[in-house]
Amino acid sequence: MEPAPILLDTLKQTFGFASFRPLQEEIILDALAGRDVFALLPTGGGKSLCFQLPALVREGLTVVVSPLISLMKDQVDALLASGVAATFLNSSLAAGEGRTRLRGLHQGEYRLLYVAPERLMLSGFLEDLKKWNVKLIAIDEAHCVSEWGHDFRPEYRQLAELRDHFPNVPLMALTATATERVREDITVQLGLRDARCYVASFNRPNLSYRVLPKSKPYDQVLSFVRGRKSESGIVYCQSRKAAESVAERLNEDGIIAAPYHAGLTAEERGRNQEQFLRDEVRVVCATIAFGMGINKPNVRFVIHYDLPKNIEGYYQETGRAGRDGLPSECVLLFSAGDVVKQNAFIDEKPSAQEQQIAREQLQQMVHYAEASACRRASLLHYFGEEWPTVPCGGCDNCLAPRETFDGTLATQKFLSCVFRVKQKAGFSFGLNHIVEVLTGADTENVRKWRHHEVSTYGIGKEMKRPEWQAIARELVRLGLLRQSTAKFTTVELTQIGFDALRDRRQIMLTKPVVIETRKEHRAGEIECDEMLFERLRALRRTFADERDVPAYIIFSDVALREMARNYPANEREFSRISGVGKQKQQEFSGPFLEAIADHLRNHPKQIFAESFTVAAPAPRPRVNDTIRETLKLVRAGKSVEQIARERSLVPSTIYTHLASAIEAGESIDARSLLSNEQERLIEAALVKMPAGTAGLAAVKELLGDAVDYGQIRLHLALRRAH
C-alpha cells in the first residue's frame, strides 16, 4: 500500500480528519524516512500531528521535548481521548505515578513520551532512553534554543548534546514563530543534519487585526468583552499589577476573570489556567508568562492592553486566538505613553547590545501599530513573506482605510528642521528635540545649542507636540528619516528624505486614528442551530467533567457546530464530522446522536446555505523546490509514472505535487495527467456526495481501488481552478 493512504486512514481513524493541512504530509513522510526536519507552522497549523502521526504508523517511541507542564498534560489528555498510548514525565507527578510510567516505558507500552528538556538531559534518563527504541525526537517550541528568539530558555541549549547521544535518531525541530536568523540559529544549535526545512505561510486567515487608540483602556476592554457574550479570550498586560487590576474589575462587573503571572504561586497559576481551559473562567488577564503551548482551541479574542515588546511576541500571543479555525479577533490598544514605558525598561537592560536589539524590535512594533497599511501584510513581511497587493479583508486598515491628507508642507517643515539643527551643531538630535524647536519651545536644551536662532524655530506652532511626533514617526516609516537605536536616539535625513526636501515632492500623510464609538460586532461563526449547539455544549461539558478534562478534549466547537448544522442521524453521518475519529465515534456517537434526534422531535430542522467557510480564504500556497522539479518534468512531456521512477517517489506523491502547483496558480495541461475514465469516475462520486462531505477519504471510500488519493486530489484542484 502506498504511504499516503496509510497515513490518511490513520489520520481519519485516530484524529477524525479527512485530509492534511499544508506541509503536514511532507513533514511526516520525511520523518518516517529518518530525515532531520525543521518545521515552522503557525499556531493552529497542526505542528503536533507532524510527530504524533508517525508515532502511530511504526513501532518504537517518539520523544517530544516540551517546555511546559501544562502543555504536556493537555496533549497527552487529547491523545488518550483518541485512543493513543501516550504519557508524560515531569515534576507534577507523585513518585509512585512516575515509577509506574517508567515501568511502562521499559515494557514498550507507549508510543509517545512528553518530557521537559532539563529532565531529558539527566545522564540516568538518557541511559534509559537508549533502551526504549527511540525512533524520533521532536523538539517543540524550538525557538527557545536561540538567543535571537523572543523566548530564549538556557535549558534548551543542553539539547545540543542530543545528536552525540543519539547519532542515528532523526530530530524534528518545530516552532510557530521564527525569523530567518532564528531559523539558522536553531539548525546550528541542535546540530540538524541536511535538514529539510518547511516554512508554512505565517498567515492566519481567520484572525482579524485592529489597533485602537488607547483611551480609558479598562472601559474599552469591558465594552469589547460585554459585546461578545459567552466567548472566551485573553487580555495581555505589561505588568503583574495591571493583570491583577483588570481581572478584579472584570469580576466586579460580572465577567468571570482570573489573573495569570509569575508572581502567583504555581498552584494558583495552574488552577486559573485549568479553569480557563474548562470554560469556568471566561477571560484570563495575563502577562506574557501565560500561553505558550496552551491548546485551548476556542479562544475567540486576544486583547493587548499594553504595547508588546516586539512583533514576534505579538504574533505568537495573537496566535492563541482561533486555533479551531473559526473567526477570532486581535485588538491592540496603543498609546505613545506605552512607548515611553517600554524604553524605560530597555534602559535597564545590562548590555548595550541587548538595548540596541530591544530598541530595534520596539521600533518595528510601533511602526506596525501606527501604520496605515494592511496589518496582515506588515506581519507577514516581518517574517519574510509577502502578501499580494490587495486588501486582506481582515484588518482595520483594509476594512476602513484611514484618511490621508497632503502633508507636503508639514513634511518640508520637519525635514528642514532636522537639516538646520544638524547644520548648526554638527551632529544629530532626537525626535523630541526637533519637535521642541519646531513648536518654539523655550527649553534649556534649545537655548544651550542656540537652536532658537535657526530659521525653523517656531515654524510649527500650528500643531501640538503629539501631532508632530506622530508625523515624525510616519516619516521614519516612509523612509524619509532614519532613527538610530542607540541609548540616546537621534533622527537624520535619509537620501530619500534629502531628495524630497530639495525637490519639494508631494508627500501624502495619514490622519491620526480617532476613538471608535460604533457598536461592537460579534465574531463570526459557522452558521448553525444555536439552540442545538448549546444543548450539545452542555452534553460535552458533562462528559468532560466525568473524565476530568477540558471540554475541547471531547469535541471542539467546530465539531459541535457541524453537528448542529448537519444534524447527523446515524453512525456514518456522525463519522464525517470534523474531529470524529474511531475512538470518539465508539465512545460518544450514541449520546450525541440521541441528543440531536431528541432535539428534532421538538424543533424543526433549520436550513442553511449549501456551503460555509470557517475562515477567510488562505493565500495561494507557494511552490517549493520539490514541486517545481515535478512541474519541470511534466512540462518536458514526462508521464507521472516516469517522474515517480526518476525521482524515487510514488505516483501519488507526484499527483499531490501537481495539485499543490495548480492551487498555487500554475498552469498545467490536465489531459496528460488523468484519463477520461478516471475523471468520469471521480466526478460521478462527487455528485453522489452529500453537500459539504466531498473530502478525499469520502470519495476514496466510494471508489475503492479504481483511483488513488493523489488522482482524486489532483481532480479536486483542477475542479476548483476552473
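The legends below describe views of a single protein chain in a predicted model.

**View 1. Overall fold of the protein chain.** The secondary structure comprises 34 helices and 17 strands, which are DSSP runs numbered from the N terminus (helices H or I, at least four residues; strands E, at least two). The radius of gyration, taken over C-alpha atoms, is 28 Å, close to the 27 Å that the globule rule gives for 722 residues, so the chain is as compact as a globular protein of that length. That rule is 2.2 Å times the number of residues to the power 0.38. The C-alpha trace spans about 85 × 65 × 65 Å along its principal axes.

View 2. Of the 722 residues, 54% count as buried, meaning under 20% relative accessible area with a 1.4 Å probe, protein chains only. Among contacts (heavy atoms within 4.5 Å) with a separation of 6 or more, 73% join residues 24 or more positions apart.

**View 3. Confidence along the chain.** The pLDDT, the predictor's confidence in each residue from 0 to 100, has a mean of 84, and 90% of residues reach 70 or more. Confidence is lowest in helix α33 (residues 696–703), at a mean of 66, and highest in strand β12 (residues 299–304), at 96. Over residues 515–524 the pLDDT is below 50, and this stretch has 19 contacts beyond near neighbours in sequence. Residues 610–620 also have pLDDT below 50, with 22 such contacts.

**Notes.** Residues are numbered from 1 along each chain as its sequence is written, and side-chain values use heavy atoms, leaving out hydrogens and water. Local features need pLDDT of at least 70 and side-chain atom pairs count only at pLDDT 80 or more, whereas totals for chains, interfaces and linings use all residues.

Conventions
Buried means under 20% relative accessible area, exposed over 50%, partly exposed in between (1.4 Å probe, protein chains only).
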